[in-house]
Amino acid sequence: MLRVCSLKEVPEDGMIRVDLKGKELLVARVRERVYVSDVWCTHEEGDLSLGLLEGDIVKCPLHGARFRLADGSVVEGPEGESPEAIPRLKTYKVQVQEGEIYIEEP
Ligand code: FES
């Protein structure tokens, strides 16, 4: 398991970007749940941590693609295109232990 950050670093109903060795991650807290995914949009690498969090859906700041953080599925493609227009977002299995957030690698 790989430590990502402390739970208290992530605002409730908010998200942060965490840069680890060779991995840039998006960490989001939605009520009691914690989600970790790649931070880069699968369209043209918009930084999703600068986008909008709407429940468990993140909206890319560049062209508005939307991803479900629970499984990385595409809810809406860029500029309102169909979800099939872009690949899904990579998500990670998360464990929270004693206030620390871990992911299962890779
Ligand atoms: S880079 Fe994210 S929608 Fe284009």
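How many helices and strands does the protein chain have? The protein chain has zero helices and 11 strands. Helices (H or I, at least four residues) and strands (E, at least two) are DSSP runs, numbered from the N terminus.

This is a predicted model: local features need pLDDT of at least 70, side-chain atom pairs count only at pLDDT 80 or more, and totals for chains, interfaces and linings use all residues. Residues are numbered from 1 along each chain as its sequence is written.

**Overall form**

From the N terminus, the elements read β-β-β-β-β-β-β-β-β-β-β. The protein chain is as compact as a globular protein of its length, because its radius of gyration of 13 Å is close to the 13 Å from the globule rule for 106 residues. That radius is taken over C-alpha atoms, and the rule is 2.2 Å times the number of residues to the power 0.38.

| Property of the protein chain | Value |
|---|---|
| Span of the C-alpha trace along its principal axes | about 40 × 25 × 20 Å |
| Buried residues (20 or more other C-beta atoms within 10 Å of their own, placed from the backbone) | 27% of 106 residues |
| Contacts (C-beta atoms, placed from the backbone, within 7 Å) with a separation of 6 or more that join residues 24 or more positions apart | 34% |

Three strands form an open sheet in the order 1-11-10, with antiparallel pairing. Strands pair if DSSP finds at least two bridges between them. Strand 1 (2-6) and strand 10 (94-97) are the edge strands, each pairing on one side only. Strand 10 pairs with strand 11 (residues 100-103) in the antiparallel sense over four bridges. Val94 has Ile103 in strand 11 as its bridge partner.

Methods:
A residue is buried if 20 or more other C-beta atoms lie within 10 Å of its own, exposed if 12 or fewer, and partly exposed in between; C-beta atoms are placed from the backbone. Two residues are in contact if their C-beta atoms, placed from the backbone, lie within 7 Å.
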